[in-house]
Structures are given as C-alpha cells and as structure tokens.
Amino acid sequence: MISFVVPAHNEEPLLPGTLAAIHAAAQAVGEAYEIVVVDDDSTDATADVARSGGAHVLRVQRRQIAAVRNAGARAARGEWLVFVDADTIVTTELLRDALAALRAGAVGGGCRLAFDGRVPFYARFMQAVFMPMFRLLGWACGCFVFCRQADFHAVGGFDERYFGGEEVALSRAMRKRGRFVVLPRAVVSSGRKMRTRSEEHTSE
C-alpha cells in the first residue's frame with residue numbers, strides 16, 4: 001500500500017487540488033493507498049478540507065516541517081511512503097515512475113521541481129541552476145519524496161535538527177542504504193511563496 005503523507009499548515013485554499021490529484025494518480029496506477037494529512041496547528045479549515053477530501057487527519061503542533069513529516073510517517077500504514085506538500089500536484093505519470101523505481105530496487109527518490117504561474121527572477125534562477133545540481137548530486141526536493149517505509153525509519157526519517165534542507169539530509173542518508181533516484185519528470189508546486197516574498201520585498 002502507498003501512504004501519502006501531506007504536511008499542512010493553513011492550506012485550506014490549495015489542499016483540495018492536491019488531494020484530488022493524489023486520488024486521481026493513485027487510482028490510475030491501481031494501487032491500494034491512504035492519505036495522511038498532518039495538520040500542523042492550522043487556524044483555518046485545513047482539517048475539515050482534508051477530511052472532506054478523503055484523508056485521515058493527524059493533528060500536531062510542531063511548526064517544523066521535518067517533525068511534521070515524521071509524525072505522518074509514524075502514522076502511515078503503507079509499505080511505500082510518498083511525501084507531498086499541500087500545494088503540490090502529483091500526476092499519474094510521476095507516481096508511476098516513482099513506483100517503478102521502487103519496484104526496481106531503489107530505496108527512494110525525488111524528482112525535478114517546477115512552479116506554477118509566474119514567479120520572480122530569483123525563483124527562475126533557482127530552477128535553472130539548483131534543480132540540475134540537485135539531480136546531479138542525487139538530492140530530492142522536499143515537495144515530493146518517495147521511499148520504502150522500512151528504509152525511511154532505518155535512517156531515522158527527516159532530521160529534526162534542520163529547519164531547512166531536511167530533504168537533502170534525508171537524501172544523503174538514504175543513499176547510504178541503497179539506490180536513491182531523482183526522476184527526470186517534474187512535479188508542479190505552487191509559486192505563491194516565491195510571489196509573496198517578492199511582493200513583500202517590493203513593498204519595503
């Protein structure tokens with residue numbers, strides 16, 4: 001079974017699209033699955049949206065992404081874990097590629113990242129420069145990470161000492177256990193954070 005772990009803090013607007021995409025992809029590949037939304041101290045209707053979208057809801061108060069993802073992994077029942085950010089759209093093709101890699105013996109992996117809509121220059125620069133570097137080094141982007149549950153727990157999950165770059169630490173730890181792949185296909189994540197930061201800087 002696949003366990004999709006979705007960390008979420010005040011994700012009421014975008015979470016429905018993420019959950020709908022997960023359902024569509026999982027049903028298309030024909031695998032049993034569950035969705036665990038880890039509601040991290042939300043003050044909006046994130047939990048209600050998650051339940052309406054067919055997810056199990058786990059409530060935590062951590063405000064630290066590594067700890068939130070780990071909490072979801074502990075509650076997950078599947079042999080395979082797929083971590084998906086609450087503003088990220090997983091396609092059938094991407095999920096099929098991830099499962100094929102796991103079945104071929106990979107302990108886990110990630111993929112390239114693309115942003116939706118228009119994003120500021122620094123975000124486009126990051127895509128152009130850092131994404132190829134991540135793939136060359138075999139590092140996953142945090143918005144989409146897949147792995148075998150046994151290997152994830154064997155390396156201690158996401159390192160909760162980090163408040164950023166925890167996906168890099170996990171990638172490096174998993175590579176010590178076996179083949180960790182970065183798929184050529186991209187996942188699309190919201191560019192809202194990039195746009196918001198750009199607007200904040202412009203208004204200063």
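Biologist: What percentage of the residues in the protein is buried?

Modeller: Of the 204 residues in the protein, 50% are buried, where buried means under 20% relative accessible area, exposed over 50% and partly exposed in between (1.4 Å probe, protein chains only). This is a predicted model, in which local features need pLDDT of at least 70, side-chain atom pairs count only at pLDDT 80 or more, and totals for chains, interfaces and linings use all residues. Residues are numbered from 1 along each chain as its sequence is written, and side-chain values use heavy atoms, with hydrogens and water left out.

Biologist: Why is Asp 41 called partly exposed?

Modeller: Its relative accessible area is 27%, which lies between the 20% and 50% limits, so Asp 41 counts as partly exposed. Asp 41 also has a positive phi, near 60 degrees, in a residue other than glycine.

Biologist: What makes Arg 63 partly exposed?

Modeller: Arg 63 has 46% relative accessibility and therefore falls in the partly exposed class. Arg 63, not a glycine, has a positive phi of about 55 degrees. Most residues other than glycine have a negative phi.

Biologist: Which residues touch the most other members of the largest nonpolar core?

Modeller: They are Phe 4, Val 37, Leu 95, Phe 144 and Phe 146, in a core of 37 residues. A nonpolar core is a set of buried Ala, Val, Leu, Ile, Met, Phe, Trp, Tyr and Cys residues joined through side-chain atoms within 4.5 Å. A second, separate core of 20 residues includes Val 5 and Leu 170.
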